[in-house]
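Visitor: I am new to this structure and would like a close look at one part of it, the annotated sites. Please take me through them residue by residue.

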Amino acid sequence: MAIVLGENQYGKAENRLVRVERDGDEHWLVDLNVSTALAGDLADTHLTGANDKVLATDTQKNTVLAFARDGIGQIEAYGLRLAKHFVGQLPSIHRAQVEIEQYPWTRLGPHSFSRSGEGTRLAKVTYDGEATVEGGIKDLTVLNTTDSEFWGYPRDEYTTLPETKDRILATAVDARWLFSSTGVDWGKAYDTARASLLEAFTNTYSYSLQQTLYAMGTRVLETVPEIAEIRLSLPNKHHYLTDLSPFGLDNPGVVFHVGDRPYGLIEATVRREP
Ligand SMILES: O=c1[nH]c(=O)c2[nH]c(=O)[nH]c2[nH]1
């Protein structure tokens, strides 16, 4: 029985980096988590330990920092610059993947900020001679206190969930979208996609989180022409109306117990028909 090396890649994961831009007393902040992963003609290092085709992960880390020196710009563009550089650096490196998370900060003063919970912006760039760019957002927590129903599902011997015509609908949006080209105004695409996700969540009268998901994906494709498809992963953050009758109290949709685990997980891709 022959034993062979399968798919492999290597890189520096989670390079945390902050870049400060200064204009006198007024400063700006870019806060990133950058992971690099390279693949190519790398059998030797695994099979014999010869490292002559290996761009050291420490070098990758230094490159991430050095490329931030003169400006990062939009994270999709920064990822493209890095990925193309890594592939051009050694003939043995055929493919580079750069994943970036950008943490949001809200300005408090000229040089003071607070970390905000308004969703982490994402980019994933792959370059192997051709570039593939994905954008996205995660940890965007949203909640509707009404305009959500869930009923009409089949009941079997294990079904206990009561039908509801009015419930809280809450989720933490994880959305990843695939761009159809690299000639994109990345910042505008991100802002529009994010706003469309929020607008569709807010304005969809929901009969299920699945229906809301599809409305959110559809809205992004309608408003950002450069996005070919969007994958959404939506945990259903269940809010259970608490029974206060043991205490002689009614509960007309006022007090909820917030469930932690388990949670429904609703996932789908919405794409343009070819
Ligand atoms: O929006 C929902 N979709 C489901 O599939 C489901 N299942 C469930 O128990 N509650 C919900 N809510």
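Guide: What follows goes from the whole chain to the sites and then to the contact between the domains. The model is a predicted one. The chain has five helices and 12 strands, and its C-alpha atoms fill a box of roughly 75 × 65 × 40 Å along the principal axes. Of its 274 residues, 28% count as buried. The domain assignment divides the chain into domain 1 (9-128) and domain 2 (130-274).

Now to the sites. Under "binding site", an unreviewed UniProt entry lists Thr57, Phe150, Arg167, Gln210 and Asn236. These positions span 180 residues in sequence, and the farthest two C-alpha atoms are 49.8 Å apart, so they do not all gather at one spot. Under "active site", the unreviewed UniProt entry gives Lys12, Thr57 and His238. Those residues are spread over 227 residues of sequence and are also spread in space, with up to 42.1 Å between C-alpha atoms.

Thr57 lies in helix 2, which runs over residues 57-66. Is Thr57 buried, exposed or partly exposed? A residue needs 20 or more other C-beta atoms within 10 Å to be buried, and 12 or fewer to be exposed. Thr57 has 16, so it is partly exposed. Leaving out residues up to four places away in sequence, Thr57 touches Tyr10, Gly11 and Lys12.

Phe150 sits in the loop between strand 7 (131-144) and strand 8 (169-179). Phe150 is partly exposed because it has 19 C-beta neighbours inside 10 Å, while a buried residue needs 20 or more. Setting aside neighbours within four places in sequence, Phe150 is in contact with Thr164, Arg167, Tyr207 and Ser208.

Asn236 is part of strand 9, and His238 is in the loop between strand 9 (227-236) and strand 10 (239-241). Asn236 has 18 C-beta neighbours inside 10 Å and therefore counts as partly exposed. His238 has 18 C-beta neighbours inside 10 Å and is partly exposed as well. Beyond four places in sequence, Asn236 touches Thr171, Leu209, Tyr263, Gly264 and Ile266. His238, with the neighbours within four places left aside, is in contact with Gly259 and Tyr263.

The model also has a ligand, surrounded by Phe150, Leu161, Ser208, Leu209, Gln210, Asn236 and Gly264. By class, this shell has three nonpolar, four polar and no charged residues.

The C-alpha centres of domain 1 and domain 2 lie 30 Å apart. The contact takes 16 residues from domain 1 and 18 residues from domain 2. On the side of domain 1 that touches domain 2, helix 3 (75-89) and strand 6 (120-127) each supply at least two residues. Strand 6 gives the most to that side, with eight residues. By class, that side of domain 1 has six nonpolar, five polar and five charged residues.

Key. Residues numbered from 1 in each chain as written. Predicted model: local features only at pLDDT ≥ 70, side-chain atom pairs only at ≥ 80, totals over all residues. Domains from an automatic or database assignment. Contact = placed C-beta atoms within 7 Å. Helix = DSSP H or I, 4+ residues; strand = E, 2+ residues; numbered from the N terminus. Nonpolar A, V, L, I, M, F, W, Y, C, P; charged D, E, K, R; others polar. UniProt positions renumbered as here; feature names shortened; annotations may be inferred. Near = placed C-beta within 6 Å.
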